[in-house]
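Subject: Structure handover

Hi,

Here is the structure I promised to pass on.

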Amino acid sequence: MTTETTSQAPRRKLPSMSILGPVIALVVLVAIGASMNSNFLGAANITNVLARSAFIGIIAVGMTFVITAGGLDLSVGSMAAFIAGLMILVMNAALPTLGIGIPIILLGMVVAILAGIAAGLLNGFLITVVGIEAFIVTLGTMGIYRSLVTWLADGGTLSLDFGLRTFYRPVYFDGILGISWPIIVFALIVIFGEVLMSRARFGRHCAATGANEAVAHYSNVNVNRTRLLTYAMLGLLVGVATIMYVPRLGSASASTGLLWELEAIAAVIIGGTVLKGGFGRVWGTVIGVLILSLIDNILNLTDLVSPYLNGAIQGVIIILAVILQREAKAKG
Amino acid sequence: MSYMKTILASAAVAALGTGAFAQDTKVIGVSIPAATHGWAGGMNFHAQEAVERLEAVYPDLDFVLATASDPGKQVNDIEDMVATRNISALVVLPFESEPLTGPVQSVAESGVWVTVVDRGLSVDGIEDLYVAGDNPGFGRVSGEYMVSKMPDGGKIVALRGIPTTIDNERVAGFEAAIEGSGIEIIDMEHGNWNRDDSFNVMQDFLQKHEEIDAVWASDDDMAVGVLAAIEAAGRDDIQFVLGGAGMKEMVKRVMDGDSMIPADVTYPPSMIATAIELTAVGMTSTAPVSGTFTIGSVLITPENAEQFYYPDSPF
């Protein structure tokens, strides 16, 4: 099946609708936003939107690899909440010995990254080695992490020590040359992800695994290792996203990261990655993430529709963006 | 041998005695929504605490506590309590009024004592005891405070909770209280009682409106997000933010005289403890506890903040 699409590759025409679709949707949204509100294209608003997209965006890059390799991860939102809670607890506990300073922030970051990798490896292990459906495993861990953070917080909210939060705060709000850290980190991860997906062997292995596991296996691709690595990488990226998230409000609770998994998956699919696996596009995912956060932003900046309908507008645009691609595929 | 018999006999008598005693034990079922946001977290904390305390006080009372993450699960919980635990009383904080009315009604018809907390059912007269939060009053007290703080009027933005009856009642109460005062709500969006959502909404409000005099965040979790957004934007036109519910961090800021958080309005999650306690009294004594018990929303100011500050509660 997929070999046919690769054999069509060397034709030099206009880029197909599956590439243009999400880009057009994004351009239309930006045009709508700009015409509705003069502040829309202001530096402050662009910074706001990009910085708040960074959490979902960083996670969605990892999700692109998982989905391309034929997997799925529903646990990322809960995982982010759990890691945020863990990070806050560890940093608060280390405060008397380490004091406020760079070391304690680094400790928090190391905890977040290690916890992320461990959580990702656990998902990957259960899926590849034990051989349980990805949907079931990650549905299970989704519930587990969500309950764990509720339990850690006693049903309430875990808050970073106030002095510590003030010290850590610049990691979300400051940056270099007016570009805030979350945006910089997001951009670096996207570039790395895009190279890994389209230029490196690992990306090809992911696509091969997702397209046809048996064929990939006979082509000397270590299917299980590839899958395991995608989950571990996603876990790592959830850790990175959490490092950016915690300094924003300095707290974690049972409502942290709610529905992030669905937003990340939606962004990946809007961007043109195939839900069944076999083909992935990291830059497309970025467009998907931007489309999702722009919808919210535009609805807040204008008085177009009743706020009760925000979810409906979002749903319509997600489906439209995917239909644009589907049409093109059916014709082409 | 005869000693043995006596021991056996007395053991049997003791066993019978405890057996009879066990049959007298009454079970109280408590069904509440899960700790999905700060207020619910506090409510869960107070429910657990009340259950632990009352189990120690009343040895012949047994409690079953179930938390539900959606109305469907709550109905299942209640059915399970009736079917398997043979409860004598049910304390329920309905997730939503409509879906829970039927199931709770059938529990009441089977002769079980029913205490409803916070949200009323859609049909009157089902419950024996109603421990009510005062949502219109919550909005009214908030609105009256806004009017007293801004006698010359002003432009405010408001954040709403998750679209529910509670939220509608609060907003209606608020709007009625500020009517004709010159205070104008220039924008209103749902922040879903969530810190992150309200942070995003407030960032966008700050982009959209050049001048905002005050914010009605209507909830302390949302106030946290609003304050972070204002701080990050570096805007100094906003004079104050009014939250609600009585989260300990916010009560502390009121107590310390923070000018951005000059007051707070209570909607105490500990009302669940009031309900469980009253139900336990009704089960174990002849004191009448049926009727309606309304827990009013009170304005917290620097003068009285100390009596609303519970440092041990998670909320």
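This is a predicted model: local features need pLDDT of at least 70, side-chain atom pairs count only at pLDDT 80 or more; totals for chains, interfaces and linings use all residues.

**Chain B overall**

Chain B has ten helices and twelve strands. Its C-alpha trace spans about 95 × 40 × 35 Å along the principal axes. Of the 315 residues in the chain, 54% are buried. If you take the contacts in chain B between residues at least 6 apart in sequence, 72% of them join residues at least 24 apart. The chain exposes about 13300 Å², with 53% of that coming from carbon and sulfur atoms. On charge, I count 17 positive and 47 negative side chains in chain B, yet the centres of the two sets lie 4 Å apart.

**Salt bridges**

Over all chains, the whole structure holds 15 salt bridges.

- Arg248(A) pairs with Asp196(B), and their closest N and O atoms are 2.9 Å apart. Arg248(A) sits in helix α12 (residues 223-249) of chain A and Asp196(B) in helix α7 (residues 195-208) of chain B, so this pair joins two chains. Arg248(A) counts as buried because its relative accessibility is 2%, and Asp196(B) is buried too, at 10%.
- Asp167(B) and Arg160(B) form another salt bridge, with 2.9 Å between the closest N and O atoms. Both of these residues are buried.
- Lys252(B) bridges to Asp256(B), where the closest N and O atoms are 3.1 Å apart. Lys252(B) is partly exposed at a relative accessible area of 31%, whereas Asp256(B) has 53% relative accessibility, which is over the 50% cut-off, so it counts as exposed.
- Glu49(B), Arg53(B) and Glu277(B) belong to one network, joined by salt bridges that share partners.

Which residues form the nonpolar patch on the surface? They are Ile24(A), Val28(A), Ile32(A), Met36(A), Leu304(A), Val305(A), Tyr308(A) and Leu309(A), and together they have about 670 Å² of accessible area. Met36(A) belongs to helix α2 (residues 17-36) of chain A. With 39% relative accessibility, Met36(A) counts as partly exposed. As for the spacing of residues along a helix, an α-helix has 3.6 residues a turn, so residues three or four places apart point the same way.

Helix α13 (residues 260-270) of chain A is another story. Nine of its eleven residues are buried, so the helix is largely enclosed by the rest of the structure. Among the buried ones are Trp260(A), Glu261(A) and Ile265(A). Just after α13(A), Gly272(A) takes a positive phi of about 105 degrees.

**Backbone angles to check in chain B**

Asn86(B) is not a glycine, but it has a positive phi of about 50 degrees. You'll find Asn86(B) in the loop between α3 (71-85) and β3 (89-92) of chain B. Is Asn86(B) buried or exposed? It is exposed, with a relative accessible area of 62%.

Trp193(B) also has a positive phi, near 55 degrees, and it too is a residue other than glycine. Trp193(B) lies in the loop between β7 (183-190) and α7 of chain B. At 11% relative accessibility, Trp193(B) falls under the 20% cut-off, so it counts as buried.

Cheers

Methods: Residues are numbered from 1 along each chain as its sequence is written. Chains are lettered from A and ligands numbered from 1 in the order in which they are written. Side-chain values use heavy atoms; hydrogens and water are left out. Helices (H or I, at least four residues) and strands (E, at least two) are DSSP runs, numbered from the N terminus. Buried means under 20% relative accessible area, exposed over 50%, partly exposed in between (1.4 Å probe, protein chains only). Contact means heavy atoms within 4.5 Å. Accessible areas come from the Shrake-Rupley method with a 1.4 Å probe; for residues, only the protein chains shown count as cover. Lys and Arg count as positive and Asp and Glu as negative; His and the chain ends are not counted. The place of a charge is taken as NZ of Lys, CZ of Arg, CG of Asp or CD of Glu. Patches are made of residues with over 30% relative accessible area and no salt bridge: like charges are joined within 9 Å, nonpolar side chains (Val, Leu, Ile, Met, Phe, Trp, Tyr) within 5 Å. A salt bridge is a side-chain nitrogen of Lys or Arg within 4 Å of a carboxyl oxygen of Asp or Glu.
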